Amino acid sequence: QNQLRAGLLDPTSPVTCLDQLFAQARGLDPILRRKVQEWALASRGKFPIKREHSDGSEETAQFVKWEDARGVCEDQVKWGQLKSPDRAIEKLLRSYRQDVSCLLDVC
């Protein structure tokens, strides 16, 4: 029988706290982003590049291969964002009966 100790992660227990889920998503986001970059490099994948207008608005101007964007204009890549807490709560209430462990698309 597994004995859990304080400070250790139990991978068999679902996350039941929305704050914990968002903390994990924030920690995982840069790791996932690097993995996506590796896949894009291997598959000649493309990313949307954003263009900012003088009024501060943005638009997606074009798609650029990661091999071309890397190190040159990667700060202009329009990366996906974490789901907003408001949207997460809305999904929890509407679709998942407030079961945080069902919310799988935070990042």
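The model is predicted, so local features need pLDDT of at least 70 and side-chain atom pairs count only at pLDDT 80 or more, while totals for chains, interfaces and linings use all residues. Residues are numbered from 1 along each chain as its sequence is written, and side-chain values use heavy atoms, with hydrogens and water left out.

Next, show the C-alpha trace, which spans about 55 × 30 × 20 Å along its principal axes. The radius of gyration of the protein is 18 Å, whereas a compact globule of 107 residues would have one near 13 Å; the radius is taken over C-alpha atoms, and the globule rule is 2.2 Å times the number of residues to the power 0.38. Of the 107 residues, 23% count as buried, buried meaning under 20% relative accessible area, exposed over 50%, and partly exposed in between (1.4 Å probe, protein chains only).

Colouring by secondary structure brings out three helices and two strands, in the order α-β-β-α-α from the N terminus; these are DSSP runs numbered from the N terminus, helices being H or I with at least four residues and strands E with at least two.

Now display the charged side chains, among which the structure holds six salt bridges, each defined as a side-chain nitrogen of Lys or Arg within 4 Å of a carboxyl oxygen of Asp or Glu.

Select helix α1 (residues 18-43), where Arg33 and Asp29 lie four residues apart and are thus separated by about one helical turn. These two form a salt bridge whose closest N and O atoms are 3.6 Å apart; Arg33 is partly exposed at 25% relative accessibility, whereas Asp29 is buried at 19%.

Staying in helix α1, pick Lys35 and Glu38, three residues apart and likewise separated by about one helical turn. Their side chains meet in a salt bridge at 3.3 Å, N to O, with Lys35 partly exposed at 36% and Glu38 partly exposed at 46%.

Finally, move to Lys91 and Asp105, a salt bridge with its closest N and O atoms 2.9 Å apart. Because Lys91 lies in helix α3 (residues 85-94) and Asp105 in the segment after α3, the pair ties together parts that are 14 residues apart in sequence.
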